[in-house]
Number of protein chains: 2
Amino acid sequence: MLEVLPREGHPLFSVAKTHFAEFGKMLRGTTSLTVSNAVGLDQDIGLNWALAVELMHNASLVHDDVCDEDDFRRDHPTVFAIHGAPLAICFGDWLVAKSFECATLAAKECSGDSFTAITLIAKVMSELSAGQAKEFTGAPILDWESYDTLVSSKTVPLLSAAVEGPILLSNKTEYFETIRNFIHSLGLGYQISNDISDALGKDGSNKPFSDFYRGAPNAVSITFRDTLKNGHRLEFEEWVRNKFRLNHTSWLTEIRQNGAVDICTQQLQQYIRACHHYKSSLPKELQKALSPLVSYLEQSVKQQLPSAKNQSESP
Amino acid sequence: MLEVLPREGHPLFSVAKTHFAEFGKMLRGTTSLTVSNAVGLDQDIGLNWALAVELMHNASLVHDDVCDEDDFRRDHPTVFAIHGAPLAICFGDWLVAKSFECATLAAKECSGDSFTAITLIAKVMSELSAGQAKEFTGAPILDWESYDTLVSSKTVPLLSAAVEGPILLSNKTEYFETIRNFIHSLGLGYQISNDISDALGKDGSNKPFSDFYRGAPNAVSITFRDTLKNGHRLEFEEWVRNKFRLNHTSWLTEIRQNGAVDICTQQLQQYIRACHHYKSSLPKELQKALSPLVSYLEQSVKQQLPSAKNQSESP
């Protein structure tokens, strides 16, 4: 990663340093590498593809932080917070360009479907930007169906690119359907896990329920709505339609107390079981390559559970 | 263009409608098409490449308007002004993705250097974003040398992609050096012309000297600095270093009165002569394809000249 990022003297050097003060888990990049190994893809090609995916992921984080006016990520101040919107926009764009450069390098050397692989990165990007736009223009997310649609355009695409890319590049496409089902369940699991972290204030942003404060869709609020009946549900929907603007405290207290986080965690565990189910029908090597994605999710559930209880007991 | 833009129901439909209320001259796209015809490139390939260039150009405009907080472009309110920064960022990203999709479609079918062509679009984008970042982080632009460097990363790349792309895709690379020299002079001509328009308030932003107000580099201020001597020049440099913040009126009056715009126009005419020089050594078909680029520049000089006089006569 360091080799492809801006060097000293480049106008974006210090901006890159701010963003990559913490590299994060690089789950998409490392998964892409292990999948590449599993399907026997050339190492250089695998590395370039992993870089393409990881750079695109980081580009979307940098731009999302501007859109959401987020000051913290990975427990560090964001590029938006330190350097302002214009440089964050430029840096995100620069990362996108570099991502396509790496994807093209990977595609150039491969024996598989090079152009479909590059198009995959382009489609990921258009889905991510349309998905992000939907948060600002679309109807509020009140039920699991519309949540699923949103997650399919927000969290799923990059995970797909990480796993499907090496398979396209090595021309081993026979497991595509199972892998797509696996990634879909995994993506929903990740997003629900993130949403629970947001509700508990454990996402590095240092403020519980920050999604609610800015009117962003969150699995915990959908779960909470499911528990409500008749007039009370209508009242809650009204609150969501008004972008969570009024009477924060009373609704947030109610969400904390009625166990929405615990129910949401059960939902998440169902998606984890689905991941295991789909994974089990894949060849051993691919199973091994995809395991860390599921383990990471399982760990985050473990970390959330005790806190969820602490939270619901606190006033 | 309309066929590739978001349809009704897409989260970015109304945003796209705002931006493309006026399509602009589409000079890069149409040039790309005429160059494609000149080198005998397949029509579909040529069209996809032209779309790639035009979409990337518009993406950069949409993001630049957020960076510069510009409310007007092409005499219409910008996406930033109407829909706000978040949707403008999403829409710019979406256009970038679509640009790469079109470039990949063009590359897929061609007989030439497909991967170099896709990489060309990626390199254009990283140069544009680094160039834009430089305006926010770099030293102030005081002389023609640093102006040239900036323009080479701001205005030249997309013009290059429009002309060089079809040549790469059709494998007719023997005129590359002359074409690069031509594009370099043309790019400088375009940027100086834009800067004069900005100084005269004729760029659709409805406010003369808006570059100065926001501390952006402008050829007119470089020309003006050239006319100053000793202490007065140092004073002016101090003003530029302070991002043009203090005593606007007196400097702007001086710039209007000492004829900087007219001298700048002469500079622009030298670049036009250079364009003709380089163009003349190219094959007839290519000359014909590149002529509208120069004519457009010549026309804009004609339109500026009388106004430049009006402006310098007004108080």
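Residues are numbered from 1 along each chain as its sequence is written, while chains are lettered from A, and ligands numbered from 1, in the order in which they are written. Because the model is predicted, local features need pLDDT of at least 70 and side-chain atom pairs count only at pLDDT 80 or more, though totals for chains, interfaces and linings use all residues.

Let's start with how the two chains sit together. Turn chain B by 180°, with a shift of 0.0 Å along the axis, and it can be laid on chain A with an RMSD of 0.0 Å. The two copies are thus related as by a two-fold rotation axis. That superposition is done by least squares on the C-alpha atoms of residues with pLDDT of at least 70 in both copies.

Now for the place where they meet. Two residues are in contact here if their C-beta atoms, placed from the backbone, lie within 7 Å. By that rule, chain B brings 35 residues to the meeting and chain A brings 35 residues. On the chain B side, helix 3 (43-67), helix 5 and helix 6 (114-137) are the elements that give two or more residues. Helices (H or I, at least four residues) and strands (E, at least two) are DSSP runs, numbered from the N terminus. The largest share of that side, 15 residues, comes from helix 5 of chain B. Sorted by class, the side of chain B that touches chain A has 21 nonpolar, 9 polar and 5 charged residues. Nonpolar covers Ala, Val, Leu, Ile, Met, Phe, Trp, Tyr, Cys and Pro; charged covers Asp, Glu, Lys and Arg; the others, Gly among them, are polar. The copies meet through the same surface, because 100% of the interface residues of chain B are also interface residues in chain A.

Next, look inside chain A. An automatic or database assignment sets the domain bounds, giving domain 1 (1-139) and domain 2 (172-315) in chain A.

Glu69(A), in the loop between helix 3 (43-67) and strand 1 (72-73), has a positive phi of about 50° although it is not a glycine. Glu69(A) is partly exposed, with 13 other C-beta atoms within 10 Å. Phe209(A), also not a glycine, has a positive phi near 60° and lies in the loop between helix 9 (176-200) and helix 10 (210-213). Phe209(A) counts as buried, with 20 C-beta neighbours inside 10 Å.

Technical notes. Buried ≥ 20, exposed ≤ 12 C-beta atoms within 10 Å, placed from the backbone.
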